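Please read the briefing below alongside the sequence and the structure.

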Amino acid sequence: MSARTLVVSVNLNLCIGNAMCREAARSTFVADESGLSVGVNPPPDTREDVFAAARACPVCAILVRDAESGEEIYE
Amino acid sequence: MNQPIPFDIDDLRSPVLVADPYTFFGRIRETDPVRWNPHKKAWLVTRHEDVGFITRNSEIFSSAPKQPFLKAKEYWPPIAEEAWDLVDAVDPEYRGHLGIGLGNFLIVSVDRPAHLQMRQALHEWFMPRNLERWRGLIAKTVNDLIEAHYDAHRMEFKNSFATKLSFTAIRIMLGLPEADGVLLREISERLTNPNDGTVGAVAALKELAQYMRVRIDARMTAPGDDILSMVAAGEKGGVFTRSQAESVAITLLLAGHETTLSLMTNGLHAFICNPDQWDLLRSDPDKLTQQAVEECLRYHPTLTVFNRVAVRDVEIGGKVIRARDDVYGVISSANRDPRAFKDPDKFDITRMQSKHLAFSGGIHHCLGAPLARIEASETFKALAKRFERFELEGEIEYLPDVFVHHMHQPVEMNIRW
């Protein structure tokens with residue numbers, strides 16, 4: 001069974017640039033020019049690292065969805 | 001419109017600053033937003049955009065302050081002469097706790113790459129989802145405190161409620177027994193209360209470091225489900241030296257309650273001064289408490305300022321800051337900047353997703369922010385459900401000398417209902 005494709009997004013109204021996501025999933029979360037984090041899709045990192053990044057966000061700004069159904073996933 | 005009160009905007013010990021940092025720093029923001037202070041010998045950066053820029057650019061603005069490495073006689077505000085030798089004998093790793101080498105609290109005062117390792121040693125505990133397991137205990141503590149005071153129809157809120165709640169929560173998380181609570185709170189007070197003088201603070205610091213040493217050592221061999229065990233693991237793994245491990249434990253104890261009790265006390269004060277907002281919160285506490293807490297954080301940030309040192313020359317707000325210059329980001333001005341917030345001086349709990357800087361931002365964004373949010377939301381939700389109206393008894397006075405402890409905290413707050 002192939003893993004479901006994920007889509008990540010960062011709510012820039014919440015993001016404060018703590019950058020812990022960029023440590024957990026280094027290719028999926030990158031800094032924009034103002035020092036906030038933005039998501040790269042499809043996520044190049046492992047599923048495990050992507051969810052570790054989402055959990056590490058201190059302001060819960062990261063959303064992970066299923067690419068097909070759009071359903072929010074928490075792991 | 002009221003006549004503006006005359007005061008010297010460079011006088012960082014002005015009573016206007018102590019009583020009303022928003023007016024004081026607001027005047028700087030609207031006249032000279034990046035201003036050199038000749039007494040502190042530092043830049044004050046006051047606009048929301050510029051303060052946010054500093055938080056997110058830690059490679060330009062270092063958090064390793066110069067002050068703790070100065071001789072005691074070189075500090076500003078000055079340290080009493082009889083304490084100079086004592087202070088100079090204190091390990092710089094601890095000095096921030098004396099309320100003199102501000103910003104030198106561990107992890108807070110460290111740059112990357114060491115900062116990342118230290119943060120990661122503790123970050124897991126403070127992740128929002130991991131902290132949820134404590135919400136029930138916090139809600140229960142809130143309810144017990146309400147029950148204990150309800151029939152008296154009055155209380156001194158800061159010490160009898162806010163301090164008890166936030167201190168109990170962090171004490172339990174650190175893994176320290178209830179029996180030590182009174183002692184720990186007493187030492188903490190001697191350490192942070194600037195009225196006690198530096199000599200007393202140095203003695204209190206040594207006691208607290210020794211207390212933590214014994215508990216950290218115990219967890220080296222027998223770790224438990226508590227924060228001190230993570231500190232011990234960090235020391236074992238080479239992330240913290242021995243004195244750093246003690247210092248970080250002290251930081252967590254102090255930062256874990258002094259700040260949150262201010263949030264709750266200042267927040268309740270804002271509601272008392274704005275009864276329409278209290279009525280609004282009471283109309284649907286389950287729905288409105290979360291955003292109300294954010295507005296409390298925006299309106300009355302606990303920390304008024306944070307300090308940095310420029311690593312290289314950098315232009316900000318049209319001024320050139322030179323390498324090695326001291327820089328203060330002024331949170332209480334940024335949070336009231338009309339460029340970032342509509343009607344900034346209005347306490348309005350209907351604001352959504354406001355980008356306040358109460359917890360700073362960037363890599364040094366407050367580690368305990370998710371915990372503070374849980375404690376404050378459980379408090380305001382429970383109070384809103386139970387109390388129709390609070391009134392103040394007497395005037396509020398604030399801790400003096402903002403540039404010593406950085407906090408906007410009432411000395412006490414007497415309320416009745």
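Where is the place of C60(A)? C60(A) sits in the loop between α2 and β4 (62–66) of chain A, where helices (H or I, at least four residues) and strands (E, at least two) are DSSP runs numbered from the N terminus. This is a predicted model, in which local features need pLDDT of at least 70 and side-chain atom pairs count only at pLDDT 80 or more, while totals for chains, interfaces and linings use all residues. Residues are numbered from 1 along each chain as its sequence is written, chains are lettered from A and ligands numbered from 1 in the order in which they are written, and side-chain values use heavy atoms, with hydrogens and water left out.

**Backbone features**

- C60(A) has a positive phi of about 50 degrees although this residue is not a glycine, and at 51% relative accessibility C60(A) counts as exposed; here buried means under 20% relative accessible area, exposed over 50%, and partly exposed in between (1.4 Å probe, protein chains only).
- S360(B), likewise not a glycine, has a positive phi of about 60 degrees; S360(B) lies in the loop between α17 (331–334) and α18 (369–386) of chain B and is buried, with a relative accessible area of 10%.
- The peptide bond from N41(A) to P42(A) is cis, with omega near -10 degrees, and P42(A) is placed in the loop between β3 (37–39) and α2 of chain A.
- In chain B, a cis peptide bond with omega of about 5 degrees joins R112(B) and P113(B), and P113(B) belongs to the loop between α5 (92–95) and α6 (114–123) of that chain.

**Contact between chain A and chain B**

- Taking contact as heavy atoms within 4.5 Å, chain A contributes 22 residues and chain B contributes 18 residues.
- The two chains bury about 1,700 Å² between them, 54% of it on carbon and sulfur atoms, where buried area is the accessible area (1.4 Å probe) that two parts lose on being put together, summed over both.
- Of the area that chain A buries against chain B, I16(A), N18(A) and M20(A) supply 29%, more than any other three residues.
- One salt bridge is counted between chain A and chain B, the term being used for a side-chain nitrogen of Lys or Arg within 4 Å of a carboxyl oxygen of Asp or Glu.
- R112(B), which also takes part in the cis peptide bond with P113(B), forms a salt bridge with E23(A), in which the closest N and O atoms are 3.1 Å apart.
- On the side of chain A that touches chain B, α1 (20–24) and α2 (47–56) of chain A each supply at least two residues.
- By class, that side of chain A has 13 nonpolar, six polar and three charged residues, with Ala, Val, Leu, Ile, Met, Phe, Trp, Tyr, Cys and Pro counted as nonpolar, Asp, Glu, Lys and Arg as charged, and the others, Gly among them, as polar.

**Helix α14 of chain B**

- Helix α14 (residues 258–273) of chain B has 16 residues and reaches 23 Å from its first C-alpha to its last, close to the 22 Å expected at 1.5 Å a residue; the expected span is 1.5 Å times one less than the number of residues.
- This helix is mostly covered, since 14 of its 16 residues are buried.
- E258(B) meets R185(B) through a side-chain salt bridge (3.6 Å, N to O).
- Because E258(B) lies in helix α14 and R185(B) in helix α10 (residues 181–192) of chain B, the pair ties together parts that are 73 residues apart in sequence.
- Both E258(B) and R185(B) are buried.

**Other salt bridges**

- Over all chains, the count comes to 36 salt bridges.
- R135(B) forms a salt bridge with E378(B), the closest N and O atoms being 2.8 Å apart.
- That pair links distant parts of the chain, with R135(B) in helix α8 (residues 135–150) and E378(B) in helix α18 of chain B, 243 residues apart.
- R135(B) is partly exposed, with a relative accessible area of 24%, whereas E378(B) is buried at 8%.
- The side chains of R242(B) and D217(B) also meet in a salt bridge (3.9 Å, N to O).
- Since R242(B) lies in helix α13 (residues 242–255) and D217(B) in helix α11 (residues 197–221) of chain B, this pair ties together parts that are 25 residues apart in sequence.
- R242(B) counts as partly exposed at 46% relative accessibility, and D217(B) is partly exposed with a relative accessible area of 32%.
- Salt bridges that share partners join R213(B), D217(B), E235(B), R242(B) and E246(B) into one network.
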